[in-house]
Amino acid sequence: MSTSDSNCNVGASKSSGDGVCDVNDKLENMNIGVAVSICANCGKEDAKNICSKCKQVKYCNAVCKKVHKKKHKKECEELIKLATEKHNEELRIAAELHDIELFKQPPPKEDCPLCFLRIPALESGSRYYECCGKVICCGCVYAPVYDNQGNEVEKKCPFCRSPASTSGKMTKERMMERVEANDPNAINTIGCNYRDGRYGFTQDYTKALELLKRAAELGHAEAYLSIGCCYHTGQGIEVDMEKAIYYWELAAMKGDETARHNLGSMEDERGNVNRALKHYMISARNGYADSLTMIKEMYNSGDVTKDDYTKALQLYQAYLGEIKSPQRDKAAAAREEYRYYYTNIGDIRRYWVNQW
């Protein structure tokens, strides 16, 4: 039984499924012999010959079906119409429920386990350590490491203090240990390495997809993004845009900003401005600067309002307030590889000055 059917049976409250309930009532009130399998022509039980068009009325044999055909014609057309209405209403409700989940604000990325600030969205804003499986922000990665006596020591993992890998072979061995431990970060990374044939891994699309799907099942948002990209570009599989969108939506709902931005771009290309804006707003709130740029372009072209652009700027600034710290700024100033956000602060400041 579908969800809409169970809601109709309760009958205690009205919801978005009212249309389905009304159609169900009409179907139940019509003289059809589905539930008890009674022949619509002669009344015999255990009828198994079904009307090939409406799939609702049953007959005991082909003879009764032929005899009743003319009488059943009008009823058959009405049943087909009602069944179509019910199916369309169920699709509409399913789409509404899907959009509610799709456009929810996704959970933020985990905080850095050392400084307890939000991990930046920009890839260079954090680093995964294969020794302990922790993701550390750029500020804590750059900060010096001290021993128990307060003396600065040779660079080690900021979290578990394991010595840094001295070779690609050692890094690979550590990563494979993390894969054995069911670490979704490691599984996704190795899957991407097999897909791209890099860091000593032979290119193997079958193995790559197997690992990416395993990481996705463990809740890794980026793995869903990677699978969607494989279907989008045809890496090792046939291009399938429906599947690409499906996996990008799963990634977006789990908080992947790139997947969210991709969905926004696709909606924008189709002319669905409102849906594109919703996606861009969410990804801008979670630190994806390209989405803020797209909203700016939509504002300049007159597709969105000044209030929309203002809101996007406010959301992005709120994100920056959550991730900025003196230590991260120090790291970004020292090395480009530690940069943890991209934005044209001058343009944003000038915008606010001009508005207020």
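At a relative accessibility of 30%, D147 counts as partly exposed, where buried means under 20% relative accessible area, exposed over 50% and partly exposed in between (1.4 Å probe, protein chains only). D147 is found in the loop between α4 (138–142) and α5. The structure is a predicted model, in which local features need pLDDT of at least 70 and side-chain atom pairs count only at pLDDT 80 or more, while totals for chains, interfaces and linings use all residues. Residues are numbered from 1 along each chain as its sequence is written, and side-chain values use heavy atoms, with hydrogens and water left out.

The protein chain has 15 helices and 4 strands; helices (H or I, at least four residues) and strands (E, at least two) are DSSP runs numbered from the N terminus. Of the 356 residues in the protein chain, 38% are buried. Contacts are defined by heavy atoms within 4.5 Å. Among contacts between residues at least 6 apart in sequence, 49% join residues at least 24 apart. The protein chain exposes about 20,500 Å², of which carbon and sulfur atoms supply 49%; accessible areas come from the Shrake-Rupley method with a 1.4 Å probe, and for residues only the protein chains shown count as cover.

Helix α6 comprises 13 residues (184–196), which at 1.5 Å a residue should span 18 Å; the end C-alpha atoms are 18 Å apart, in agreement with this value. The expected span is 1.5 Å times one less than the number of residues in the helix. Buried residues of α6 include A186, I187, N188, I190 and Y194. The buried residues of this helix pack against β3 (126–129), α5 (168–180), α7 (205–217) and α8 (221–233). R195 also lies in α6 and, at 13% relative accessibility, counts as buried. Not counting residues up to four places away in sequence, R195 touches Q203, Y205, A208, S226, C230 and Q235. The C-alpha atoms of R195 and Y205, 10 residues apart along the chain, are separated by 5.2 Å. Just after α6, G197 takes a positive phi of about 65 degrees.

The loop between α5 and α6 contains D183 and N182. D183 is buried at 7% relative accessibility. At the start of α6, a side-chain oxygen of D183 reaches to within 3.0 Å of the backbone nitrogen of N185. The side chains of D183 and R178 meet in a salt bridge (3.1 Å, N to O), defined as a side-chain nitrogen of Lys or Arg within 4 Å of a carboxyl oxygen of Asp or Glu. R178 is partly exposed, at 21% relative accessibility. Leaving aside neighbours within four places in sequence, D183 is in contact with Y128, G133 and R178. N182 is partly exposed, at 39% relative accessibility, and has a positive phi near 65 degrees although it is a residue other than glycine. A positive phi, of about 60 degrees, is also found at F116, likewise not a glycine. F116 is found in the loop between α3 (62–102) and β3 and counts as exposed at 61% relative accessibility.

Side chains of opposite charge can pair when their charged atoms come close. The structure holds 15 salt bridges. D99 forms a salt bridge with R275, with the closest N and O atoms 2.7 Å apart. D99 lies in helix α3 and R275 in helix α11 (residues 273–285), so the pair ties together parts that are 176 residues apart in sequence. D99 is partly exposed, with a relative accessible area of 23%, and R275 is partly exposed at 25%. R118 forms a salt bridge with E322, with the closest N and O atoms 2.5 Å apart. This pair links distant parts of the chain, 204 residues apart: R118 is in the loop between α3 and β3 and E322 in helix α13 (residues 306–323). R118 is buried at 9% relative accessibility, whereas E322 is partly exposed at 30%. E89, R92 and E96 are linked in a network of salt bridges.

E249, in helix α9 (residues 241–253), is buried yet has no salt bridge, and the nearest side chain of opposite charge, R275, is 5.2 Å away. Leaving aside neighbours within four places in sequence, E249 is in contact with H98, L102 and L263.

Methods: Polar contact = N/O pair within 3.5 Å; in protein donor to acceptor, adjacent residues only side chain to side chain. Lys, Arg positive; Asp, Glu negative; His and termini not counted.
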